[in-house]
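Please keep the sequence and the coordinates at hand while reading.

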Amino acid sequence: MLSMIVAVAKNNVIGKDNKLIWHLPEDLKRFKNITTGKKIIMGRKTFESLGRVLPNRKHIILCNDVEMNVDNENVEILDDLKLLDKYIESDEECFVIGGATIYKLLMPFSNKLYITHINQEFEGDVYFPEIDDNEWSAIEKEKGLTNEENPYDYEYVTYIRK
Ligand SMILES: NC(=O)c1ccc[n+]([C@@H]2O[C@H](COP(=O)([O-])OP(=O)(O)OC[C@H]3O[C@@H](n4cnc5c(N)ncnc54)[C@H](OP(=O)(O)O)[C@@H]3O)[C@@H](O)[C@H]2O)c1
């Protein structure tokens, strides 16, 4: 099964110039806790924006360039969405970690969303799709820690497909 994990601004912005806009170390810590030991699925641009292979996670990268190669045993590159079927159909929870193109493509095949809602609007160039109340139920809500290092009002919300 696929789950999505993302941090989203109030106006649905998730990034700008192939980077994250905000710096929220508490949310990055949570991302690490949730995804460590799991498979993470991402688009080529998000992989480039990470700048490295994240430890203890198998990376599945979507890319149309059949020549793309990353010399790392924890990286698999797929040039066809159909090749994700085995992860969609598996009982194992695999995490879609972005970016905008991949969230939009895979939302219909996802069953769970781990959203960090940042209660502020940002200017950006990529967006998370609308979370439709008719399709998703919030099952867990937790306010994020706000302090000097994490200077935003934000909330972690987990949704499951209705
Ligand atoms: N706020 C958050 O939590 C969060 C999380 C992740 C990312 N982001 C942000 O999202 C932005 C990146 O998103 P993005 O939409 O520009 O890029 P992306 O979704 O990361 O990657 C898009 C790329 O994926 C490949 N791809 C897409 N569909 C494919 C398909 N059907 N088959 C094979 N390959 C396919 C293509 O690579 P090729 O061009 O190589 O063919 C495409 O250019 C950045 O700003 C990043 O910081 C934010």
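Which residue is the bridge partner of Ile-61 in β5? The partner is Ile-77. The model is predicted, so local features are given at pLDDT of at least 70 and side-chain atom pairs at pLDDT 80 or more, while totals for chains, interfaces and linings use all residues. Residues are numbered from 1 along each chain as its sequence is written, and side-chain values use heavy atoms, without hydrogens and water.

**Sheet**

Strand β4 (residues 58-62) pairs with β5 in the parallel sense over 4 bridges. Strands (E, at least two residues) and helices (H or I, at least four) are DSSP runs numbered from the N terminus, and two strands count as paired if DSSP finds at least two bridges between them. An open sheet of 8 strands has the order β5-β4-β3-β6-β1-β7-β10-β9, with mixed pairing. Its edges are β5 (75-78) and β9 (136-143), each of which pairs on one side only. On average, neighbouring strands are turned by 20° against each other, direction ignored.

Strand β10 joins two antiparallel pairs. With β7 there are 7 bridges, and Thr-116 stands opposite Tyr-156 of β10. With β9 there are also 7 bridges, and here Ser-137 stands opposite Ile-160 of β10.

Helix α1 (residues 25-35) lies across β1 (2-9), β3 (39-43), β6 (94-96), β7 (110-118) and β10, at about 30° to β10. Such angles run from 0 to 180 degrees between N-to-C directions, with axes fitted to C-alpha atoms, for helices over the stretch in contact.

Thr-158 is found within β10 (residues 154-161). Thr-158 counts as buried because its relative accessible area is 5%; buried means under 20%, exposed over 50%, and partly exposed in between (1.4 Å probe, protein chains only). Leaving aside residues up to four places away in sequence, Thr-158 touches Arg-30, Lys-112, Leu-113, Tyr-114, Ser-137, Ala-138, Ile-139 and Glu-140, where contact means heavy atoms within 4.5 Å.

Lys-162 is in the segment after β10 and is exposed, with a relative accessible area of 61%. Beyond four places in sequence, the residues that Lys-162 touches are Asp-133, Asn-134, Glu-135, Trp-136 and Ser-137. The side chain of Lys-162 reaches the backbone oxygen of Asp-133 at 2.6 Å. That is a polar contact (N or O atoms within 3.5 Å; within protein, one must be able to donate a hydrogen and the other to accept it, and residues adjacent in sequence count only if both atoms are side-chain atoms).

**Ligand**

The ligand is surrounded by 26 residues, the closest being Ala-7, Arg-44, Thr-46, Asn-64 and Thr-101; a residue is near if one of its heavy atoms lies within 4 Å.

| Ligand atom | Residue (backbone) | Distance |
|---|---|---|
| nitrogen | Ala-7 | 2.8 Å |
| oxygen | Leu-20 | 3.4 Å |
| oxygen | Leu-62 | 3.5 Å |

The protein covers 85% of the 940 Å² of accessible area that the ligand has on its own. Accessible areas come from the Shrake-Rupley method with a 1.4 Å probe; for residues, only the protein chains shown count as cover.

**Backbone**

Most residues other than glycine have a negative phi, and most peptide bonds are trans. Asn-12, in the loop between β1 and β2 (13-15), has a positive phi near 75°. Asp-17 has a positive phi near 50° and lies in the loop between β2 and α1. A cis peptide bond joins Gly-98 and Gly-99, with omega about -5°.
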